[in-house]
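Please read the points below alongside the sequence and the model.

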Amino acid sequence: MVSRNRSQVKDHLGSKVLNHPELRNTKATEYMSHEEKYRYNLSRATAMLKLIDEEGMDVNEISKVMSHTVSGFTTPDGNPLAVHQVMFVPTLMNQADDDQVSRWLGDVFNGTIVGTYAQTELSHGTFVRGLRTTATYDPASRTFDLHTPDVSAAKWWPGGLGTTANHAVVMAQLYTDGQPRGIHPFMVAIRDRETHRPLPGITVGEIGPKLGQNTLNNGYLLFDHVKVPRENMLMRNARVNEDGSYTKPSHQKASYGTMVFTRVAIALDTVDALQIAATIAARYSIVRRQGEPRDDGQEPQIIDYQTQQLKVLPHIAACYVLRASTARLWEHHTHVTSEVRGGDTALLPELHATACCLKALVTQDCSEAIEALRLSCGGHGYMTASRLPALYAYATAGATYEGENTVLLLQTARYLVKQAGGSHAPPAAGSAVTYLSRPADDTPFAVGSPAAYVAAVGRVARGRVTEVAAALQADRQTMPEADAWNQSLVQLVAAALAHGRYFVVREFAEVVSQQSSSRAIQQMLQLLFSVYLAHAVSRAEGDFITYGGLTPSDIRLNRRHLLRLLAELRPHMIPLTDAFDLPDRLINSTLGAWDGDVYRRMFEQASHSPLNTDEVPASFHQAMLRSKL
Ligand SMILES: CCCCCCCC/C=C\CCCCCCCCCCCCCCCC(=O)SCCNC(=O)CCNC(=O)[C@H](O)C(C)(C)COP(=O)(O)OP(=O)(O)OC[C@H]1O[C@@H](n2cnc3c(N)ncnc32)[C@H](O)[C@@H]1OP(=O)(O)O
Ligand SMILES: Cc1cc2nc3c(=O)[nH]c(=O)nc-3n(C[C@H](O)[C@H](O)[C@H](O)COP(=O)(O)OP(=O)(O)OC[C@H]3O[C@@H](n4cnc5c(N)ncnc54)[C@H](O)[C@@H]3O)c2cc1C
């Protein structure tokens, strides 16, 4: 199938998804019960899966239909099949051997097997090595015994596990030949394929309400000595032979591959949520007029307040910059994964380090930005029907799942300090860390020069990383490793974020320089880039003085420069958000529709409140009168 660019995919989806017979008629779910919401979202998620199958979509296209933009329309309260599609299927494809793939994938694609990715336990999420579910091999029966030693080791969180999945990839501590072999993946049937009842030895259920995505259907799972055939350990990487002998994987962390993939997918996808929020806030900021009338007798559009421009416009620039860098990461992931499948794992450490820091940077920036955009819509931004609360709930979940952000930044920092100290294999050509082994870029700072800003961002990253690497090295001489590491945690996290910021701006600088289709587009990209850079400096002025070579006078100039740039960007705000190409039904917000008919839509949504059905609700007689208030 010919690969389509993002916009073409949306056009294609526009007809396929929005007009799909089982998807086109949407219902308001706000007043549904938990169970009704689940049923509604599950039936729509199933229709989407069928569509993916009928269309024969490749992974890039699946990523678009599973994206937040589309899922807000198909499964507004969370997709109970998301983890099946984004984690379970990719795990089978990348970690099952060829025999296993041919054994299971037919049933996965015909919908007989529906799965989840069961890793996190009640007492362990971050520290994967600490998981306590065991898989003990018995050569006599050629089975693994899967067991949950106590309730704190119950699997807790997996999406779709609650009531949807009948299989799980279970991450468990492997014991064979009496030896612990670390965490490995096992394909486990948890519910009967026909009756959907839990299989013997399995306790399973749903964990309860959350901040958002309540139909993601997160669940719990316990095993009471459940026997699993030897052939159900995923064996593309490590193997357990019939006699119990163990063959190591080609890379120690090969079984963590699904997490790398999902981090990349989350980074890419969270920008979609930001694009929706930015479109809503931009449109509302034009429609909304409030304040002392101006010379023309009209109250001002709120976007003409300088403070409102600062709340909205830098986040539109961020949509462009983060979209470009996460798309590049996605391409890089595809390349490295094919190398790893061919047995060459040389690029894996850096991919892991980059995926960790971009997932963290993007989810952190996007959740902060969406909250700022929600506040920019005043009271109406607090309404569920604005869609902004749900967008925030979605983005902020990304800061926790698939590796809590602080923990992921520390993984990146670990790689960076090793590179800075020369104790890691030297980076490959084109690596994102070569700047650490070169002299600092001494391009002098000048407002108005994106190249000078990029150089300063690079000096901050270099300064942060080398400083913390030196502090760590010094502490290691006087205290145990764990204490030395803990002593530097805050600075390590800051160093990893600074490195992530440098990655992002370098990638975008390249995108701008390679753009040749139109001078006007290039100028617009340059303006967006300038806004992003000036805003980045304004958010971390101390860093740019300490490490970036900026003076207090540069900082003052940058503040003024940013405000001038915002005024320059303001007339382009609507075309720039229209260019995200988001149909109203995908935006699904009272405040963010293309025609700007905000107030009529707000009344229309209020008419759905069940409390408005009767002029005097029954509760008045039942509660208020009886209690003689
Ligand atoms: C054709 C059909 C195909 C289908 C394809 C479908 C495609 C769909 C596509 C796209 C969809 C996009 C849109 C959708 C977007 C998403 C929607 C989201 C919906 C909801 C989904 C919710 C999902 C959430 C799921 C989860 O949360 S699962 C649980 C995740 N858990 C974690 O992430 C735990 C975090 N902790 C860890 O990862 C580890 O514990 C640790 C912190 C890394 C430490 O590990 P460990 O203790 O084992 O490490 P050490 O022993 O200390 O060793 C460290 C060394 O190891 C290296 N390392 C660590 N990890 C990795 C790795 N992953 N890879 C490589 N190397 C690794 C590290 O660098 C150290 O190396 P050293 O050299 O320094 O020693
Ligand atoms: C909506 C949602 C969906 C999920 N879906 C799935 C799923 O499908 N499958 C699955 O297996 N899991 C899933 N999870 C679980 C998720 O992956 C974990 O919650 C996540 O990895 C964080 O782990 P934790 O809960 O143990 O956090 P904790 O590690 O307990 O974090 C608490 C605090 O401790 C800090 N901390 C912990 N360790 C360190 C350290 N070494 N250094 C410094 N600070 C540290 C953290 O920074 C954080 O501030 C989901 C979670 C959510 C919220």
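1. The domain assignment, whose bounds come from an automatic or database source, gives domain 1 (6-79), domain 2 (113-249) and domain 3 (256-291 + 300-424 + 447-578). The model is predicted: local features need pLDDT of at least 70 and side-chain atom pairs count only at pLDDT 80 or more, while totals for chains, interfaces and linings use all residues. Residues are numbered from 1 along each chain as its sequence is written, with chains lettered from A and ligands numbered from 1 in the order in which they are written.

2. Between the C-alpha centres of domain 2 and domain 3 the distance is 35 Å. Five residues from domain 2 and seven residues from domain 3 make the contact (C-beta atoms, placed from the backbone, within 7 Å). On the domain 2 side, two are nonpolar, three polar and none charged. Here Ala, Val, Leu, Ile, Met, Phe, Trp, Tyr, Cys and Pro count as nonpolar, Asp, Glu, Lys and Arg as charged, and the others, Gly among them, as polar.

3. Ligand 2 is surrounded by 23 residues, the closest being Gln-119, Thr-120, Gly-125, Thr-126 and Thr-406 (C-beta atom, placed from the backbone, within 6 Å of the ligand). This shell comprises 11 nonpolar, 10 polar and two charged residues.

4. Domain 2 and domain 3 each supply at least three residues to the shell around ligand 2. Strand S1 (115-118) and helix H11 (405-420) are the elements giving two or more, and H11 has the largest share, three residues. Helices (H or I, at least four residues) and strands (E, at least two) are DSSP runs, numbered from the N terminus.

How values were computed. Contact = placed C-beta atoms within 7 Å.
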